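Biologist: Could you walk me through this structure, term by term? I would like to know what stands behind each word.

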Amino acid sequence: MKNHSVIINNTFRGYLAFLMTWLALFLSGCEENDNTALTDNGLPLQISASIQSIDENGAYKFNGGQSVGLWVSSVENASLKQSDVACNIKFYQSAGGLVSEPRTYWGEHQQLNIYGYYPFDTIAVESPEAYHFSVELEQKGTNEIVNSDLLWTNQKISLNDADKKTQLEFQHLMSKLVINVRGLYPDAGTLRECTAKVNALYSSIVNFKEGVSSATGNAEWLVATSLVDVADNYESSMQVILPPQTIGSDVPFLKIITKGNVENEWVYFSKEWV
């Protein structure tokens with residue numbers, strides 16, 4: 001086999017360098033690890049947020065320092081990876097609302113589509129329409145509850161309202177199961193300060209464009225959170241956050257463990273439970 005030499009003259013090198021630079025600029029955008037603002041001119045985005053209540057307590061706010069991820073696009077119905085203003089930008093809760101560093105701007109756009117979620121995850125930029133999310137298996141403390149409570153929002157905004165602060169309302173993509181427990185003789189207190197475990201799927205595939213979650217994977221026993229406020233006429237109250245799912249009949253789905261380490265298991269017999 002003969003060896004062939006290829007000679008590239010200086011002119012071709014210059015053309016090749018220009019071509020590669022142009023390709024790099026053309027392909028830049030919402031790639032993996034791209035979590036910086038893409039547009040830096042025009043009016044800054046002014047955003048605040050509230051969280052839809054999962055019960056009757058009303059909407060509430062993020063705490064200072066908590067961060068959400070936002071995709072911002074001027075293109076209607078574009079995929080999130082094609083967002084041209086912001087791709088999974090981290091916005092922090094501050095006294096003035098949600099802010100990014102560096103700031104995110106309107107540019108020359110007349111309308112913007114915002115998609116957001118909480119808690120922020122840098123790898124969400126890789127597959128925002130097939131993001132893998134798991135709740136904590138042991139939800140004993142505040143951090144585990146917050147990390148399990150996946151939130152989502154979507155809103156279209158107009159430049160005509162750019163001088164006003166956009167209010168994003170985040171909704172819950174996970175479900176909350178509340179468990180109230182009492183024994184045959186509640187006064188005896190045998191089920192006070194007990195532990196509850198729920199047998200359920202704990203992972204889901206999330207589409208941040210549509211705001212939908214599909215439970216996936218294998219079931220595990222999730223440890224519920226003990227509630228300080230116990231429901232009337234009960235000995236213990238607990239809650240667990242889990243992906244929306246259907247639990248089939250005849251499946252062991254609940255364990256109650258007393259302080260004395262006595263374990264009781266319940267099977268859901270009659271029908272499927274959603």
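**What the words rest on**

Modeller: Let us begin with strand 2 (residues 67–73): 7 of its 7 residues are buried, so strand 2 is largely enclosed by the rest of the structure. This is a predicted model, in which local features need pLDDT of at least 70 and side-chain atom pairs count only at pLDDT 80 or more, while totals for chains, interfaces and linings use all residues. Residues are numbered from 1 along each chain as its sequence is written, and side-chain values use heavy atoms, with hydrogens and water left out.

Biologist: What makes a run of residues a strand?

Modeller: Strands are DSSP runs of E with at least two residues, and helices are runs of H or I with at least four; both are numbered from the N terminus.

Biologist: Why is S203 called buried?

Modeller: Its relative accessible area is 7%. Buried means under 20%, exposed over 50%, and partly exposed in between (1.4 Å probe, protein chains only), so S203 counts as buried.

Biologist: Which side chain has a polar contact with that of S203?

Modeller: The side chain of S134, at 2.8 Å. A polar contact is a pair of N or O atoms within 3.5 Å; within protein, one must be able to donate a hydrogen and the other to accept it, and residues adjacent in sequence count only if both atoms are side-chain atoms.

Biologist: How do you know that strand 2 pairs with strand 3 (residues 86–94)?

Modeller: Two strands pair if DSSP finds at least two bridges between them. Strands 2 and 3 have 5 bridges and run antiparallel, so they meet that definition. In this pairing, L70 stands opposite I89. Strand 2 is also joined by 5 bridges to strand 5 (residues 111–118), again antiparallel, and there the partner of L70 is G116.

Biologist: Which residues cover the two faces of strand 2?

Modeller: S67, G69, W71 and S73 lie on one side, with V68, L70 and V72 on the other, and all are buried.

Biologist: What makes a group of residues a nonpolar core?

Modeller: It is a set of buried Ala, Val, Leu, Ile, Met, Phe, Trp, Tyr and Cys residues joined through side-chain atoms within 4.5 Å. The largest here has 36 residues, and W71, I179 and F208 have the most contacts inside it. A second, separate core of 22 residues includes I47, F62, I89 and I114. In soluble globular proteins, nonpolar side chains tend to be buried together.
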